[in-house]
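Hi,

Here is the structure I said I would send over. Have a look at it first, and my notes follow below.

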Amino acid sequence: MICDTVSSSVNALAAVTIADLIRPYLSLSEQQLSWASKGMSLFYGAVCIRMAGVASLMGGMLQAAISIAGVVGGPLLGLFSLGILFPCANAKGGLAGLISGLVLSLWVCIRAQIYPPRPENSRPLALVTHSCKFSGSTNWTANTEENLERWVCGNQLNQNLLAGT
């Protein structure tokens, strides 16, 4: 069942690529288009296998899905925003922005997988409430000098405690 779904998806990608990107620009015979479609199926199948291998190295399934969605979603949002906000943009500029966005976000994703953050940078920060003079009955939505002074003094006290002074 899963192989049928993957096979039909790969063949659909190849057919759409041939119909929309190759046939309008190149005058090829039906036999040449058939070979090109088979070649595109092979290419897309290899890409799917490669992506499955990369996803297995990314940790959990949720992390891999979020990473891949982020790599693809960011540049697509940029392309959509370009088309909506700048009607004078053309296809060449949109394609150049999409490809450069994909390359940059893919580079960031790969670097994050190869070089994860050090443990001292990824641990939870300490929550220090020692000597905190916060009263739960204070109305913090009112803009008064007294509340601002309490907030500034409280933050300085917390910073001093975190620094160890």
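In which helix is the place of Ser105? Ser105 sits in helix α4. Before going on, please keep in mind that this is a predicted model.

Ser105 has a relative accessibility of 18%, so it counts as buried, the cut-off being under 20%. A polar atom of the Ser105 side chain lies 3.3 Å from the backbone oxygen of Leu102. If you skip residues up to four places away in sequence, Ser105 touches Val71 and Pro75.

Helix α3 (residues 61-85) packs with helix α4 (residues 91-114) at an angle of about 155°, and their axes are 9 Å apart. With that angle, α3 is roughly antiparallel to α4, and the crossing of the two is right-handed. On the α3 side the contact is made by Gln63, Ser67, Val71, Val72, Pro75, Leu76, Leu79 and Leu82. From α4 come Gly94, Leu98, Gly101, Leu102, Ser105, Leu106, Cys109 and Gln113. Sorted by type, the residues of this contact are 10 nonpolar and 6 polar, with no charged ones.

Leaving out neighbours within four places in sequence, Thr17 is in contact with Ile22, Met40 and Tyr44.

Cheers

Terms used:
Residues numbered from 1 in each chain as written. Predicted model: local features only at pLDDT ≥ 70, side-chain atom pairs only at ≥ 80, totals over all residues. Heavy atoms only, no water. Contact = heavy atoms within 4.5 Å. Axes fitted to C-alpha atoms, helices over the stretch in contact; angles between N-to-C directions. Helix = DSSP H or I, 4+ residues; strand = E, 2+ residues; numbered from the N terminus. Parallel < 35°, antiparallel > 145°, perpendicular 65-115°, else oblique. Left-handed = near helix turned anticlockwise from the far one by under 90°. Nonpolar A, V, L, I, M, F, W, Y, C, P; charged D, E, K, R; others polar. Buried < 20%, exposed > 50% of the residue type's maximum accessible area, 1.4 Å probe, protein only. Polar contact = N/O pair within 3.5 Å; in protein donor to acceptor, adjacent residues only side chain to side chain.
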